[in-house]
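Hi there,

Here is the structure I promised to pass on.

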Amino acid sequence: QVQLEESGGGSVQAGGSLRLSCAASGGTFPGYSMGWFRQAPGKEREFVAGITWSGRSTAYVASVKGRFTISRDNAKNTMYLQMNFLKPEDTAVYYCAAEKTPMPTITGDYWGQGTQVTVSS
């Protein structure tokens, strides 16, 4: 049974940093892209960042470019999201996803349970 588990969420003040991790277990993911999505109260889940299987290509939503960095360590089956210069509008539940496509989409094959990120002004 494939499982994705996020960690690293929490509460920070605006301008602060957090590092999210997503650990995959129960299988290997050759060819799977991975990514981060978020969902704020009353809003739809949105793509935040994605990374290809090789890690050579990444993608970001415009609102986090220059502030967030996605990376992965396939030897550890783990993906990361370094979030700097956080803003109150980054507040959301963050989900990791894995999908056998070049970049993850909202229809991801596997999802984690989510981790809360709260940024106060």
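Predicted model: local features only at pLDDT ≥ 70, side-chain atom pairs only at ≥ 80, totals over all residues.

Residues are numbered from 1 along each chain as its sequence is written, and side-chain values use heavy atoms, with hydrogens and water left out.

Searching the whole structure turned up 3 salt bridges (a side-chain nitrogen of Lys or Arg within 4 Å of a carboxyl oxygen of Asp or Glu). Arg38, Glu46, Arg67 and Asp90 are joined by them in a network.

Let's start with arginine 38. Its side chain meets that of glutamate 46, at 2.7 Å from N to O. Arginine 38 is buried, at 6% relative accessible area, whereas glutamate 46 is partly exposed at 32% (buried is under 20%, exposed over 50%, partly exposed in between, with a 1.4 Å probe and protein chains only).

Arginine 38 also pairs with aspartate 90, at 3.0 Å from N to O. Arginine 38 sits in strand E4 (residues 33-39) and aspartate 90 in the loop between strands E8 (78-83) and E9 (92-99), so this pair ties together parts 52 residues apart in sequence. Strands here are DSSP runs of at least two residues, numbered from the N terminus.

Aspartate 90 has another partner, arginine 67, with the closest N and O atoms 2.8 Å apart. Arginine 67 is in the loop between strands E6 (58-60) and E7 (68-73), 23 residues from aspartate 90. Both arginine 67 and aspartate 90 are buried.

Best wishes

Key
Helix = DSSP H or I, 4+ residues; strand = E, 2+ residues; numbered from the N terminus.
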